[in-house]
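The sequence and the model come first.

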Amino acid sequence: MVHQSIKVYARIRRGSPGKLEQYNIITKKEYENLIFSNIYVSPATFNQGFRFHKIFDKNTSQPEIFETLAKPVICSVIEGFNGTIFAYGQTGSGKTFTINGSSKEYSQRGIIPRSIQYIFDHYTNIPEKPTIYISYMEIYNEIGYDLLSTKQQNVAKTLEELPRVFVMEDKKGDAHLRNLSVYPVTTEEDAMRLLFMGDTNRTIAETPYNEYSSRSHCIFTVYITHRSNDSKNLRSSKLHLVDLAGSERDYKNNCSGVVVHEAKFINLSLYFLQQVILALSESKRSHVPYRNSMLTHILKDSLNGNCITTMLATLSLSKENFQETLSTCRFAQRVALITTNAVINEITDPEQEIGILRMRIQELETQLSKSITFSNTTILSSQQKENCQLEVNSFINSDKKPIAVEPDMTQIQFCFSLLKKELDKKRNELTIMENLVKKKKSEIGSLNAEMIKKNAEIDKLKNVIDRIADNPVSLCATSQICINSVDSSYQKSKDELPLLNWQDQKSLEDFMSKPGISDDLNFYKSALQNKLKLAKIYADTIEECKRKITFIRNKLDNKNKTEEEKQNLIKDLEEQQRLYKKGLVEMKQIQNETNHLEAGLKQAEIRVVHKFQNWLEDKNLPNQIYSYLEEKTSPHNSVLKPAEKPNYGIVPTVVTKEKEHQNYALKSKPVVVRLYDRKMQPVKISKVSIQSNDNLSQNSKSFTNVSTDKSKNIDDLDYFESISSIKNVTKPNTIQEIISQRVEKASCKSDGDSSRESIQPSKLSDTIKFL
Ligand SMILES: Nc1ncnc2c1ncn2[C@@H]1O[C@H](COP(=O)(O)OP(=O)(O)OP(=O)(O)O)[C@@H](O)[C@H]1O
């Protein structure tokens, strides 16, 4: 059992904005102290500095973080311990950068991709392969979502479309996740594909308000089950890599009710994490409130149970963020007081156990039968035993000589047992040799398969390069093909979508020409172009080597060569084989980097689509006003007016500064009319008039041309008497519901403007690519 406290590291963010806080790092033998200059930090004990296992200063690289912080945990997981690494800190302090990394540069990839690579590299040369599974989930507003689900028909456009994950507890109180997809992976590429898919779902689900800062917690888990060659036991362990939500208390950009709601839940969930840490760090507390939130429920084992856990506190040193930085440091000091008891998770393989027991029974049966037959025999002296050994040795080593021992059953038995021993030894040697031959055969097989695969990849890359050379635009199409392979359902959903109409296309062109909008896309496109150019160079080198290898082999087959010529040719051949292998390794590296960039390109496209939709909505704001009619007699039963033209009753016309709204079909009850913009802010009106469009209604005529010039907030507007109930009564609750109703409303208008179709993000991204 490993009994140890949670190791707590700190990473100081590079390039924190604004004026920076002064600090010192004091290195002691086993830990480091972070001291803020000229500032009195309460409580006084922290004035000595905040103690961390290690402090990564601003210029620490991603590989260094992996080597120092993550690798020891990953190695423990490979050994059979459970492991957790979690990042805690305020928004923008570098949690996601450390855990996931940047999609722009392969060298800046974070702990998750590096861990995947490390795990698969570790098992490459080990004959007994492990079974590895992967899951990826997000917790947002206390609800768990499966980021790797393929259950939905089309690609998810909002987080709510992803399947929900639930925590269940077994009799022992251990938490289990229901409805979370767990995928088996056999190669690093499979695992990376799942990671990209989960990250893409994370990007898709971003709301316009949290584009650059995450308000959710993400947990990426790797499960490993493994049996080593010489062990009858199975070891199974899991590794949680956790990117927590921003830890700040209040969101400064409190732009709508939605954000406040999110902030409340995030604070709640981190608040409960803090409560759990507090309870665990105080030895007197018997109750730890794990069950209060989904996050603490899932991380129960990581925080106090069977797990080797490491925390990274990410710190921004801007003066304006200093209070948050201090609270992160205090939290880290609490976490460092917690200890966990990790054990290797090992179970006996039942099949092997049964086999061993059977053999044991057989042995005992044999012994029993022997003891019955020879129970009266004498015990052999050491001299007699030595004689027997000599006889047996010469019997084995000569063809004809028989064993010459006294006619004594005990001696005969002893000789047989010596022969049996020798036989077993030879059998073992034979088995080892057979296994070796088998292994070599399978190595040859997989090398052949690898060679065929690599050749196919080279051909594929060459095709791509040729296509790009013919048509530069096809680069985007190529990347799209690769991205779509992440999940074929993207392709399906794309095919089902309508095309943009020319107005949207034009708006999109305007939008894309704005400074800064296409920067990310251009970055990825040019990075991909560079990688493909490099790939072409290596493909040519490999092709050249192949050609030379064939040429040299043909020459070697020629029997007229002298020994010296042959030796020289073999040298050349070996050099070409070395270059060929080097080229393949470089190609593999480029392929990894290209996959990385392609995933980044896809995510950048989705971001642009989000931005474009928001921009389009803002641009069309005058047409996007929401109208409410509220019954005066029962104000809580508010209603949203559908946008159909009434064909009976009377029609109040409301004029705002942008346009005239004539959307209401009213009958008799008094109502108040309210108008809101898409952010649910009241819109001022400048004029109201009511008129009848029903010639049969005598009553309504009296309202014809009633108008007011009062220019004031609609809340204060006089209500209209004798106006009737409204159809299709629903009260919108959230801005998302209002937006979706508005989209429906826009499509209802199609009798007036059939050319306008609703805007589909995936189709937009196609258009963006070609602009
Ligand atoms: N050490 C660093 N070096 C270079 N860039 C960094 C570093 N740390 C963070 N960044 C950059 O700062 C920005 C914000 O970082 P990141 O998204 O990782 O913050 P976060 O703590 O995860 O925020 P949130 O809580 O909102 O998810 C990103 O653009 C990231 O690339």
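A residue is called buried if 20 or more other C-beta atoms lie within 10 Å of its own, exposed if 12 or fewer do, and partly exposed in between, with C-beta atoms placed from the backbone. The model is predicted: local features need pLDDT of at least 70, side-chain atom pairs count only at pLDDT 80 or more, and totals for chains, interfaces and linings use all residues. Residues are numbered from 1 along each chain as its sequence is written.

**Overview**

Helices (H or I, at least four residues) and strands (E, at least two) are DSSP runs, numbered from the N terminus. The chain holds 19 helices and 25 strands. Of its 771 residues, 30% count as buried. Two residues are in contact if their C-beta atoms, placed from the backbone, lie within 7 Å. Among contacts between residues at least 6 apart in sequence, 72% join residues at least 24 apart.

Strand β2 (residues 7-12) has six of its six residues buried, so the strand is largely enclosed by the rest of the structure. In a regular strand the side chains alternate between the two faces of the sheet. In β2, K7, Y9 and R11 lie on one side and V8, A10 and I12 on the other, and both faces are covered.

Two strands count as paired if DSSP finds at least two bridges between them.

| β3 (23-27) | β4 (residues 32-36) | antiparallel | five bridges | I25 and L34 |

**The β3-β4-β5 sheet**

Three strands make up an open antiparallel sheet in the order β3-β4-β5. The edge positions belong to β3 (23-27) and β5 (50-52); each has a single partner strand, so one side of each is left without a neighbour in the sheet. Neighbouring strands here are turned against each other by 25° on average, direction ignored. Helix α8 (residues 322-335) packs on the sheet and touches β4 and β5, its direction making about 55° with that of β5. For such angles, axes are lines fitted to C-alpha atoms, for helices over the stretch in contact, and values run from 0 to 180 degrees between N-to-C directions.

**Nonpolar cores**

A nonpolar core is a set of buried Ala, Val, Leu, Ile, Met, Phe, Trp, Tyr and Cys residues joined through C-beta atoms within 7 Å. The largest has 81 residues, and V8, A10, M311, A313 and A332 have the most contacts inside it. Helix α1 (residues 62-79) gives this core its largest share, eight residues. Not counting residues up to four places away in sequence, A10 touches L34, F52, I55, F56, A313, L315 and A332. A second, separate core of 20 residues includes F511, A527, L528 and C545.

Helix α15 (residues 519-557) has 39 residues, which at 1.5 Å a residue should span 57 Å; its end C-alpha atoms are 57 Å apart, in agreement. The expected span is 1.5 Å times one less than the number of residues. Among the buried residues of α15 are L521, Y524, A527, L528 and C545. E574 belongs to helix α16 (residues 563-619). This residue counts as exposed because it has 11 C-beta neighbours inside 10 Å. Its C-alpha atom is separated by 8.8 Å from that of I549, 25 residues apart along the chain.

**The annotated segment**

In an unreviewed UniProt entry, the annotation "binding site" covers G89, Q90, T91, G92, S93, G94, K95 and T96. UniProt positions are given in the numbering used here, feature names are shortened, and annotations may be inferred rather than shown by experiment. S93 lies in the loop between β7 (83-89) and α2 (95-99). S93 is buried, with 28 other C-beta atoms within 10 Å. Leaving aside neighbours within four places in sequence, S93 is in contact with R13, T314, L315 and S316. T96 is placed in helix α2, and is buried with 21 other C-beta atoms within 10 Å.
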